[in-house]
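I opened this model to take notes on it from the whole chain down to single residues. The entries below follow the order in which I looked things up.

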Amino acid sequence: MAYPKTVNLIVKTLEDKKAKDINVYKTNNSLCDYTIVCTSLNERNANALVENLVEEFEKNNIDYKHIEGRESSKWIVIDCYDYIIHIFNDNSRNYYNIDELFK
């Protein structure tokens, strides 16, 4: 599936910082158009993923609304209006099993 430029930028940024198991879901609902889910290697990596995404958003004039969960780094959500990014640690991703919602 061909994704919009912003989705490709998000995925590339996540890949560049070693995020694991990156999945992109076309949601087409009133909340967002795409949901991106990935797993961080550890707390430090989760924070690096967020920092690099924000840097790329600023460089590319991409607006984001809010970042939630940075304090614990277990489940970080970045709301970019049409795109929502979920960054989990391994335990949280397995526990919440969010990918099943999109299948």
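**Entry 1: the chain as a whole**

I began with the secondary structure, and the chain has three helices and five strands. The model is a predicted one. I then read the elements along the sequence and noted the pattern α-β-β-α-β-β-β-α.

Next I looked up the overall dimensions. The C-alpha atoms fill a box of roughly 30 × 30 × 25 Å along the principal axes.

**Entry 2: burial, contacts and charge**

I looked up how much of the chain is buried, and the share is 46% of the 103 residues. The chain exposes about 6200 Å², and carbon and sulfur atoms supply 44% of that area.

For contacts, I took those between residues at least 6 apart in sequence; 48% of them join residues at least 24 apart.

I also checked the charges. The chain has 13 positive and 17 negative charges, and their mean positions are 4 Å apart.

**Entry 3**

How do β3 and β4 pair, and over how many bridges? I found that β3 (residues 66–68) and β4 (residues 75–80) are antiparallel, with three bridges. H66 stands opposite D79 in β4. The two strands form a hairpin with six residues between them. In that turn I noted G69, which has a positive phi of about 95°.

I moved on to β4 and β5 (residues 83–88), which also pair in the antiparallel sense, over six bridges. Here I76 has I87 in β5 as its bridge partner. This hairpin has two residues between its strands.

As background, side chains in a regular strand alternate between the two faces of the sheet.

S73 has a positive phi of about 60° and is not a glycine. I located S73 in the loop between β3 and β4. Is S73 buried or exposed? Its relative accessibility is 3%, so S73 counts as buried, the cut-off for that being under 20%.

Y81 is also a residue other than glycine with a positive phi, near 60°. Y81 sits in the loop between β4 and β5.

**Entry 3: E56 in helix α2**

I found E56 in helix α2, which covers residues 43–59. I checked its burial with some care: the relative accessibility is 19%, and the cut-off is under 20%, so E56 counts as buried.

Which residues does E56 touch, leaving out those up to four places away in sequence? I found L9 and T13.

**Entry 4: L41**

My last stop was L41, in the loop between β2 (34–39) and α2. L41 has a relative accessible area of 45%, and I therefore noted it as partly exposed.

Apart from its neighbours within four places in sequence, L41 is in contact with K18 and K20. I also looked up its separation from N61, which is 20 residues apart from L41 along the chain. The C-alpha atoms of L41 and N61 are separated by 28 Å.

How values were computed:
Residues numbered from 1 in each chain as written. Predicted model: local features only at pLDDT ≥ 70, side-chain atom pairs only at ≥ 80, totals over all residues. Heavy atoms only, no water. Helix = DSSP H or I, 4+ residues; strand = E, 2+ residues; numbered from the N terminus. Buried < 20%, exposed > 50% of the residue type's maximum accessible area, 1.4 Å probe, protein only. Contact = heavy atoms within 4.5 Å. Areas by Shrake-Rupley, 256 points an atom, 1.4 Å probe, with all protein chains shown as cover. Lys, Arg positive; Asp, Glu negative; His and termini not counted. Charge placed at Lys NZ, Arg CZ, Asp CG, Glu CD. Pairing = 2+ DSSP bridges.
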